[in-house]
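Morning, everyone. I'll take the metal site and then the chain contact. Please bring up the model.

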Amino acid sequence: MPGYIQVSASGLFWENTLFNVAVAAYILAMLSYLVHLFGKKEFGPFASFVLRLAFLLHTAFIITRTINVERVPFVGHFEFGNLFIWATVLVYIWTEWRLKDKYYAVGAFLTPLAVLYIGYLTVVPKIFTSVTISRLHSPLPPVLQSNWLKLHVSASVFGYAGFTLAFAAAVMWLLKVKMGERSSLARALPQTKVLEEYMYRASAFGFLFQSIMIISGAIWADTSWGRYWGWDPKEMWSLITWFVFAVYLHARFTRGWTGRRTVTLVMVGWVAMVFTWIGVAWLLTGIHSFG
Amino acid sequence: MSKGTSGLSKSQAQAESPVKQILNFLSSMQLGLILLLLLAITSVFATLRDNEAAITTIYRSWWFIGMMAFTALNLLLCTARRIGPMSRLALHPQRVVSSDAIGKMSVKRALKMNSEDIALDAARSAFHATGLTVTEEDGAEGRVVFAQRGKFGYFGSLITHISLLLILLGAMYGSLTGFEDRNGGIVGDHIDVEKGELHIDILDVRMEQEEDPTIRPRVFTEMIVKKDGREIAHGTVSINQPLRFAGNTIYHMTFRYVSDVRVKNLTTGEEEMVQLLDVDQLQLDADGTTVHIMQFFPNFSMHADGMPYSKNYKPERPVLAGILVEGGRAVRNVFLQLDTPVVIETANGEMELELTTFQNAAVFSITRNMGRPILVVGAVLLILGLYLSFFLFPRRFWAVYDKKIATLLIGGRSYRNRLGLEQDMERIESEISSREGE
Ligand code: HEM
């Protein structure tokens with residue numbers, strides 16, 4: 001018995017238009033950051049401007065969606081994915097603002113990841129028919145009407161945002177080391193030490209929010225289902241992601257690990273995170289398969 | 001990381017007795033990391049299996065629980081070992097250092113200045129301007145200005161680890177002393193929950209439609225809970241709103257429709273009322289003529305192919321659907337509409353079935369979890385510990401004036417944030433030089 005909310009034609013128009021324009025702006029921001037990275041330094045401020053604009057458009061889209069669905073836009077892959085991309089860009093813009101223009105290069109790695117996530121929401125379902133990303137406006141079933149859900153989802157998008165940023169820095173580190181100082185591209189990237197620091201900060205940020213997500217999820221499960229932990233695949237994969245980042249954070253500080261080994265751990269952690277989001281929904285089953 | 005915080009150094013460890021060595025190994029970070037990785041890898045494989053199977057064969061297996069117990073032991077030992085040294089490091093810093101010691105610090109500056117008073121004064125106010133707490137003491141070589149910030153950051157990892165222990169402990173205690181049960185009923189039912197020696201009286205079961213009738217409605221159950229004949233709780237249970245009392249919780253799980261059906265033998269005129277739920281079977285004669293109840297549809301409709309469905313949860317056209325089975329074979333569908341009798345031929349003669357009313361039964365899960373308060377404390381401490389670990393970074397600075405070379409020496413140490421320490425040092429340096437420029 002699927003039920004959908006009737007959305008006015010203009011509401012629908014604005015929602016779709018704002019989404020499409022925001023996506024276009026994200027792609028333009030990505031291209032500008034890449035041009036900046038490949039030697040045209042003057043594109044940096046422009047790229048940064050376009051990204052902020054794209055972020056505002058995306059914010060407007062999320063607000064429109066909220067109005068259209070008459071509730072928090074927290075449910076299903078489409079809404080969650082959008083929030084998560086939004087949070088990722090927000091955290092990046094914040095670090096760029098704090099750390100200034102030296103860090104434009106990070107944008108050239110972060111924006112492609114954002115575009116990749118958008119691709120999952122838009123292009124992938126067209127190729128794989130088994131992947132359905134519904135954009136329908138469905139109301140919130142009673143079990144999801146809980147304040148813990150709001151905390152749970154808000155924390156998770158910021159956790160995922162931190163891990164995405166950490167992954168971007170890990171990719172940069174790998175490129176820089178692989179290409180050597182001769183390459184002008186490698187020289188355009190921050191020093192490996194700085195990248196490792198960035199990776200650490202982003203991971204720690206993500207880790208804090210991932211922890212809040214797991215805890216609030218457990219409390220919510222307890223009030224709805226009568227148990228904290230059901231060992232279902234979504235819960236387990238978020239725990240696996242958390243374990244991997246815990247190992248990374250410990251190895252870095254107490255064992256003094258640096259370089260390739262920590263970069264590998266962060267990459268594995270990111271893969272686990274993406275699997276928690278995407279893989280669990282399409283490859284494994286559980287009660288979380290709604291989102 | 002500064003030296004001397006991780007407990008024993010290598011050379012000390014070699015001289016230890018075997019027992020000490022085993023303890024060292026059990027409390028070591030290496031073991032911790034290996035265990036965490038093992039838990040992660042095992043979990044990956046476990047999620048590839050069917051969930052129920054994974055729970056029984058992996059998550060509840062002795063070796064998985066053993067791994068968790070080892071992790072807990074490792075955490076416990078490592079925390080116990082570090083609590084003393086860590087508190088000393090955090091709360092009793094060495095306030096006086098020599099100029100040699102500053103020379104060995106990872107982040108340091110040597111600034112030419114002519115007067116000791118002016119130099120130390122400059123250091124003091126630069127420290128203040130950087131948000132540090134400043135104290136001073138006389139040492140063998142003269143006055144030492146000491147400044148620090150974020151000392152509670154030292155406790156971050158300890159608190160995080162203690163919180164994890166509490167969470168594990170709470171979960172263990174909860175599952176050892178608690179129980180889990182399922183039960184349900186309609187208005188007026190009295191339920192005995194044997195495991196908890198509880199008795200539930202259902203006073204009311206009320207369904208509230210959502211604005212959108214295709215969404216599963218909410219069901220509110222008012223109940224009184226008694227133990228040893230005494231009332232211990234009274235309240236209403238619905239989705240996301242459990243009733244909690246003394247470590248017990250009653251959660252709404254789902255609801256069912258219960259149909260009241262009048263069964264009348266038209267030949268004899270005998271009549272009885274029966275209550276039917278999904279999957280119940282209503283036997284009509286000794287030959288095995290039976291109605292297998294399939295489902296209750298609050299708003300009955302049929303697809304083009306004859307498949308029945310409910311348009312939504314509005315009780316506009318309630319129908320109880322079943323299958324008539326004779327001699328073990330399904331003969332036809334039986335649809336009982338409200339107040340509309342249906343006649344069925346049986347060996348006992350014609351039987352008339354009529355759906356007269358229907359009501360809701362609520363199904364709950366009843367649990368006892370005495371570990372909940374421990375879990376809550378653990379959860380709060382976990383977040384606090386992570387915050388202290390990652391967002392308060394402890395840093396310390398020392399300033400001394402070396403008269404021989406007329407130089408102000410400043411050294412800094414941090415606890416796991418070299419870059420932040422360097423940034424602070426840059427700020428201190430620029431504060432001092434801007435003062436000099438005045
Ligand atoms: C399993 C056994 C574990 C051991 C033996 C262990 C050991 C340690 C040690 C020795 C430190 C360094 C302490 C310091 O210098 O401040 C540390 C830090 C820390 N641990 Fe653990 N730990 C374990 C598990 C965990 C787990 C599961 C978490 C959860 C996420 C965790 C969270 C932290 C945090 C947040 C820090 C501080 C950050 C850092 O210094 O990197 N630990 N741990």
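Partly exposed, for us, means a relative accessible area between the buried limit of 20% and the exposed limit of 50%. Keep that in mind. And remember that this is a predicted model.

Start at the iron atom of the ligand. Two histidines coordinate the iron: A:His250 through NE2 and B:His161 through NE2. The distances are 1.8 to 1.9 Å. What is the arrangement of the six donor atoms? Their angles around the iron run from 81 to 178°, so the arrangement is octahedral.

Now, where do the two histidines sit? A:His250 is in helix H9 of chain A, residues 233-253. B:His161 is in helix H8 of chain B, residues 156-177. So the pair joins two chains.

Next, accessibility. A:His250 has a relative accessible area of 23%, so it is partly exposed. B:His161 has 10%, so it counts as buried.

On to the interface. Chain A puts 46 residues into the contact, and chain B puts in 52 residues. Between them the chains bury about 4200 Å². Carbon and sulfur atoms account for 70% of that.

What about charges and polar groups? Two salt bridges cross the interface of chain A and chain B. One of them pairs the side chains of B:Arg372 and A:Asp222, at 3.3 Å from N to O. Six residue pairs are in polar contact between the two chains.

Which helix gives the most to the side of chain A that touches chain B? That is H8(A), with 14 residues.

That's my part. Comments, please.

Technical notes:
Residues are numbered from 1 along each chain as its sequence is written. Chains are lettered from A and ligands numbered from 1 in the order in which they are written. This is a predicted model: local features need pLDDT of at least 70, side-chain atom pairs count only at pLDDT 80 or more; totals for chains, interfaces and linings use all residues. Side-chain values use heavy atoms; hydrogens and water are left out. Donors are N, O and S atoms within 2.8 Å of the metal (3.2 Å for Na, K and Ca); water is not among the atoms, so sites may look incomplete. Four donors count as tetrahedral if all angles lie between 85 and 135 degrees; four count as square planar and six as octahedral if opposite donors are over 155 degrees apart and all others between 65 and 115; anything else is irregular. Helices (H or I, at least four residues) and strands (E, at least two) are DSSP runs, numbered from the N terminus. Buried means under 20% relative accessible area, exposed over 50%, partly exposed in between (1.4 Å probe, protein chains only). Contact means heavy atoms within 4.5 Å. Buried area is the accessible area (1.4 Å probe) that two parts lose on being put together, summed over both. A salt bridge is a side-chain nitrogen of Lys or Arg within 4 Å of a carboxyl oxygen of Asp or Glu. A polar contact is a pair of N or O atoms within 3.5 Å; within protein, one must be able to donate a hydrogen and the other to accept it, and residues adjacent in sequence count only if both atoms are side-chain atoms.
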